Amino acid sequence: MKFEHLIEINDPLNPLIDSLTHEQLWRGLVLRAESPKLFVPHLDECRILERTDKGFKRTQRYGELVIEDMVVLEYPDRIRYEVAPQGDISKSSLTMTIESHGTERLYVRFEYEDAHNALEDEANKMYDEFRRSAYQESDIDTIRVLRSLAEAGRLDATLN
């Protein structure tokens, strides 16, 4: 399954939403990777296991389910989550890319991909529609939380 969608962050024609800077947006997306419990209330635990100059390896626990993934940071525009096959979980990835269209417009493109082949995709068609909808709602929530964090000044300081 491949799925992508775009969320507009800044719209200069809409005075009702506060604009975020590229740097605030980047810091927020990194914060989502490092502290996902701020964004995913049903996540029980997230531990960062090892860091490199390109990102980090982590585990996330949802009840009995533990997922290990690698987060690749490509400053200043892209964060990639890579899940290797493990147990009943197939290989998958999520890429978040900050896009700018003009000087004031910012977007985040969310791209999901899993390792299912065309036959598996056809068999999982209804389930995949549900996943697409859930992913989109989760991504909208991510941006909502980022806006709230920015409003509170939590995306203005340099992340350590």
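Reader: How many nonpolar, polar and charged residues does the lining of the largest pocket have?

Author: The lining of the largest pocket has 19 nonpolar, 7 polar and 9 charged residues, where Ala, Val, Leu, Ile, Met, Phe, Trp, Tyr, Cys and Pro count as nonpolar, Asp, Glu, Lys and Arg as charged, and the others, Gly among them, as polar. This is a predicted model, in which local features need pLDDT of at least 70 and side-chain atom pairs count only at pLDDT 80 or more, while totals for chains, interfaces and linings use all residues. Residues are numbered from 1 along each chain as its sequence is written, and side-chain values use heavy atoms, with hydrogens and water left out.

Reader: Which element gives the most to the lining of the largest pocket?

Author: The helix α3 gives the most, with 9 residues, helices being DSSP runs of H or I with at least four residues and strands runs of E with at least two, numbered from the N terminus.

Reader: What makes α1 oblique to α3?

Author: The axes of α1 (residues 22–34) and α3, lines fitted to C-alpha atoms over the stretch in contact, come within 10 Å and cross at roughly 120°. Angles run from 0 to 180 degrees between N-to-C directions; those under 35 degrees count as roughly parallel, over 145 as roughly antiparallel, 65 to 115 as roughly perpendicular and the rest as oblique, and therefore α1 is oblique to α3.

Reader: Which residues in α1 and α3 meet?

Author: With contact meaning heavy atoms within 4.5 Å, Q24, L25, G28, L29, L31 and R32 in α1 meet S138, T142, L146, L149 and A150 in α3. By class, this contact has 6 nonpolar, 4 polar and 1 charged residues.
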